Amino acid sequence: MKSAPAITVKTAQTKGSTMATVQVDIRDGVAEITLDNPPANALTEAMVGQLIAALDRAAADSAARVVVVRSAVAGRFCAGLDLAALDGAAPQKIRALLQQLYIGLQDAQRRLGKPSIAAVTGAARGGGMTLAVSCDLLVAGESATFGYPEIDVGVLPAIHFTLLPPIVGRHRAFDLLFTGRSFGAAEASALGLVSRVVPDAAVLHAARQLALQLAAKPQATLQAGRRAFLAACDNGSQGGSTTAVDVFCDVAVSAQGREGVQAFAQKRPPAWRRRG
């Protein structure tokens, strides 16, 4: 199959003079979407928008039969939202970002029409978890780590109140979402959150091989099956996304939410920890 030319979309990074990029390379039936926003692939509104555009580009290109989402940043898949950019942000800016991440990204995955695979190396946190679990399959390196640390910053991973319990169960989901603890690839696999765990150096190769296996399937059948599968697994996530945006925004503009985000941006403990 003739390879389609790669495209690169750039968005301004929040700090420094470098540029964050979301790059799409399509070859051999596989579209690789690569996040490159050092040092941690933190998500801004612009970067989430470019990620959605990359998924839509892969959806529209018949040369792409499967999508792999990966990171170019060593030791980081995606750290989640750029919380420093939310410090002092107007409520409408926070809502716009959450609508992109919670609703826009999920909608882009639904209309993708082809399987998507997250190739997780290093740390996935917060919004990075939202990106990873929006994919149909997760291939993780042995030293990959996961977590929902939002509560320690005074906000909530609200979309995962809907997404996580059907995967890992109510009580284990509550544990992960409300302790904010990080956990490794072995535990993520045991919980059913990760499809496959491979040696760190083999993550991209394993994701590509899985993608090639899926790309060889009858495409009309695969697309129809994926559409029916997503409908069967919805579990109210479409309706829950709007509620999740409201919950996050309400908490983010509260006194504790503002203090937590400000403390994170200033690299200091939040006030509620200093009260003892």
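A: Begin with burial: a residue is buried under 20% relative accessible area, exposed over 50%, and partly exposed in between (1.4 Å probe, protein chains only). This is a predicted model, in which local features need pLDDT of at least 70, side-chain atom pairs count only at pLDDT 80 or more, and totals for chains, interfaces and linings use all residues. Residues are numbered from 1 along each chain as its sequence is written, and side-chain values use heavy atoms, with hydrogens and water left out.

Q: How does arginine 268 score on that scale: buried, partly exposed or exposed?

A: Arginine 268 has a relative accessible area of 24%, so it is partly exposed.

Q: Which residue does arginine 268 pair with in a salt bridge?

A: Side chains of opposite charge can pair when their charged atoms come close. The cut-off for a salt bridge is a side-chain nitrogen of Lys or Arg within 4 Å of a carboxyl oxygen of Asp or Glu. Arginine 268 pairs with glutamate 259, with 2.8 Å between the closest N and O atoms. Glutamate 259 is buried, at 16% relative accessibility.

Q: How many salt bridges does the structure hold?

A: There are 11 salt bridges. One of them joins aspartate 61 to arginine 57, at 3.8 Å from N to O. Aspartate 61 is buried at 16% relative accessible area, while arginine 57 is partly exposed at 22%. Arginine 181 and aspartate 175 form another, with their closest N and O atoms 3.3 Å apart. Arginine 181 is partly exposed at 29% relative accessibility. Aspartate 175 is also partly exposed, at 29%. Glu32, Arg70 and Arg208 are linked in a salt-bridge network.

Q: Which residues touch the most other members of the largest nonpolar core?

A: In soluble globular proteins, nonpolar side chains tend to be buried together. A nonpolar core is a set of buried Ala, Val, Leu, Ile, Met, Phe, Trp, Tyr and Cys residues joined through side-chain atoms within 4.5 Å. The largest core here has 68 residues, and those touching the most other members are Ile33, Phe77, Leu81, Tyr102, Val120, Phe146 and Phe183. Apart from that core lies another of 13 residues, including Val30, Val68, Ala207 and Ala215.

Q: What does tyrosine 102 touch?

A: Contact means heavy atoms within 4.5 Å. Leaving aside residues up to four places away in sequence, tyrosine 102 touches Thr130, Leu156, Pro157, Ala158, Ile159, Ser241, Ala244, Val245 and Phe248.

Q: How do strand 3 and strand 4 run, parallel or antiparallel?

A: Some terms first. Helices (H or I, at least four residues) and strands (E, at least two) are DSSP runs, numbered from the N terminus. Two strands pair if DSSP finds at least two bridges between them. Strand 3 and strand 4 (residues 66-71) run parallel, joined by 6 bridges. Alanine 31 sits opposite valine 67 of strand 4. Strand 3 (residues 30-36) has 6 of its 7 residues buried.

Q: What unit do strand 3, helix 1 and strand 4 make?

A: A crossover is right-handed if, with the strands pointing away from the viewer, the path from the first strand over the helix to the second runs clockwise. Strand 3, helix 1 (residues 45-60) and strand 4 make a right-handed β-α-β unit.

Q: In what order do the 4 strands of the open sheet lie?

A: The order is 5-7-9-10, with mixed pairing. Strand 5 (76-78) and strand 10 (182-184) are at the edges; each has a single partner strand, so one side of each lacks a neighbour in the sheet. Strand 7 (residues 123-125) and strand 9 (residues 145-147) pair in the parallel sense over 3 bridges. Arginine 125 has glycine 147 in strand 9 as its bridge partner.
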